[in-house]
Each structure stands twice: as structure tokens, then as C-alpha cells.
Amino acid sequence: MVSSAKLEASSQQPPQAAAAPVPAKKIHYPFWFGGSASCFAAAVTHPLDLVKVRLQTRGPGAPTSMVGTFGHVIKTDGVRGLYRGLSAALLRQVTYSTTRFGIYEELKNYFTTPGSTPSFFTLIGIACASGFIGGWTGNPADVLNVRMQSDAALPPAQRRNYRHAFHGLVEMTRTEGAASLFRGVWPNSTRAVLMTASQLASYDTFKKLCIERIGMSDNLGTHFAASFMAGFVATTVCSPVDVIKTRVMTASHGHSQSIPALLREITRKEGYAWAFRGWVPSFIRLGPHTIATFIFLEEHKKLYRWVKGIESEEKR
């Protein structure tokens, strides 16, 4: 009787709940991955960036098309002319992109909880803060990059003839003062905010949509599709500020204008079409640059997981 009662009581006890799965530990990637990936991408797309700057600052009689500008650069400076200012472009990525990618990934990792990712608006906020800090950090190299790319288009008497990025830093500081290193820092920081928000946040969002809604795997095809769409968004959002930034940074010492005065002048002369001047070469440059950056970044992460023996995030 006792044993049967015990058996009956035990059969009525609720089954023991299964142990909850242990949340997977978040992967903390090195801070410099974004800067390294951006340097690789910049080395590939630098000629397109140079042509974009030449179109945005072209004078009377200069070619008005991307193909014509390519031909003009090769004719006057040779193929090496397409890589004028590469040292400044790499310095810019080391400072600007390392800062904005690093801070963005750190903050995103902080706001990520096991089983969930930050919302779109959280990503936008993180990206804006990261971009603003990155814009200030990378401004000196950005001024040099724009100047070195546009130098050959100036009359010989007006050329600065910087030999490389560090020579340019010394010459700018010596002849124009340390303040010249932060010429155009406000439009540049504004552009950096827009760029980081429209590029990094949109990439993460498009990648999530591709995986969760379309059913794609976390592979090269998904990275390409997400980065292509992110490049299109970033080019369109940043075009007006990019034009203003380029005009301000290429201005000679003593001939700079306030942003409102510059806006009034170019709108009076060129109409509102100035906002998207150079959009096609900007997209042709920024699209491949965005694609290359995120593919290199994902490969950095893949190699890091392989070296550390960490399981892929998609399988966890």
C-alpha cells in the first residue's frame, strides 16, 4: 500500500524542467579591425575617390564626366597620378575609420544582450556618436587627402606639392598654423555622423534582414548584398555635405568662407543641383569601398574566430 501510494504521488509530480541553455558568450573583436579593413578598401578604391574630388572642385574647362576626368588625370600625370595622396588616404583610414568602427563595435557589443541585438534606432544613436568622434580624429588626414588629390588640378603657382602625408602635416602647421589641421571640421564631422549612421547602421540592418527575413546564410553573398545597399544609402545621404566639405578643405588660406556664405554662393551659381554634384563617381567609389570594407571586416572576424577556435556566430 505504501509503495503504491508513493508511486502514485511520484507520478503526479510535474516533470523536472529542462536546464536552460547557457547563453553564448559575446565575441569581442579587436578595436583596430575596422581601420585595417578600411585601409585595404582604400588602397583598392583610391583612384575613384580622386576622380570624385576632381569633379567636385573642377574649374572652367576641366572635364565634366567621370571617364573624361580619368583620361585627363592619366594624360597629365600618368597612371601614378590616380594614386596621388594615397598616403594621406591611408592615414585618414588609420585615424578616422579605426575610431568610428572601433567605438561603434564597442558600443554595439555593450548594448547587445544574449539572444537579441540592438534596435535600429539604438544602432543609429551609436553610429552618430562614433562618427562624430571619428570625424574630429581623422580631420587633419582628411584635409591632406583632399588637398593632395586636387593639387594637380590647380595652376602650378597655387600647388602645395606635399610629398607625402607627414610632409603635408608639417607644412600645413608651419605655414597656416595648427588650426589649419581642423579646417572644415564641422562639415566633416557632420558628414562623418551621416556616413557612419547610413553606412554601419544600415549594413547591420540589411544584413539582419537578409538573414532573418529572406533566409540567407551569414556568408559572402549576404555581406555583398548588405554592403551594396549600405553604400547606396550612404552615398545619397552624404552627398550634399561631401560637396561642402570638399569646397571648404580645398580653399586657400585667407580665402575661406563661412558655411552659410558658401551655401548661398554655390546655390546662386549652380542651383540646388550642387548637392548631388559628383554623385555617380561618389557612388562608384563609395559603393565598392563600402563593399570592400565590410567584406574585409567580415574576413578579419572570420580569421579571428578561426585562430581563437571560436564557433561562428551564426551557429551559436
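Which residue forms a salt bridge with Glu176? The legends below start from that pair. This is a predicted model, in which local features need pLDDT of at least 70, side-chain atom pairs count only at pLDDT 80 or more, and totals for chains, interfaces and linings use all residues. Residues are numbered from 1 along each chain as its sequence is written, and side-chain values use heavy atoms, with hydrogens and water left out.

**View 1. The salt bridge of Glu176 with Arg147.** Arg147 is the partner of Glu176, their closest N and O atoms being 2.9 Å apart, where a salt bridge is a side-chain nitrogen of Lys or Arg within 4 Å of a carboxyl oxygen of Asp or Glu. Because Arg147 lies in helix H5 and Glu176 in helix H6, the pair ties together parts 29 residues apart in sequence; helices are DSSP runs of H or I, at least four residues, numbered from the N terminus. Both residues are buried, that is, under 20% relative accessible area, whereas exposed means over 50% and partly exposed in between (1.4 Å probe, protein chains only).

**View 2. The two sides of helix H6.** Ala165, His167, Gly168, Met172 and Glu176 are buried in H6, while Phe166, Val170 and Arg174 are exposed on the other side. Exposed Arg174, with a relative accessible area of 58%, meets Glu171 in a salt bridge (2.8 Å, N to O).

**View 3. A link between helices H10 and H4.** The side chains of Lys301 and Glu105 meet in a salt bridge (3.8 Å, N to O), and this pair links distant parts of the chain, with Lys301 in helix H10 and Glu105 in helix H4, 196 residues apart. Lys301 is buried, at 10% relative accessible area, and Glu105 is partly exposed, at 24%.
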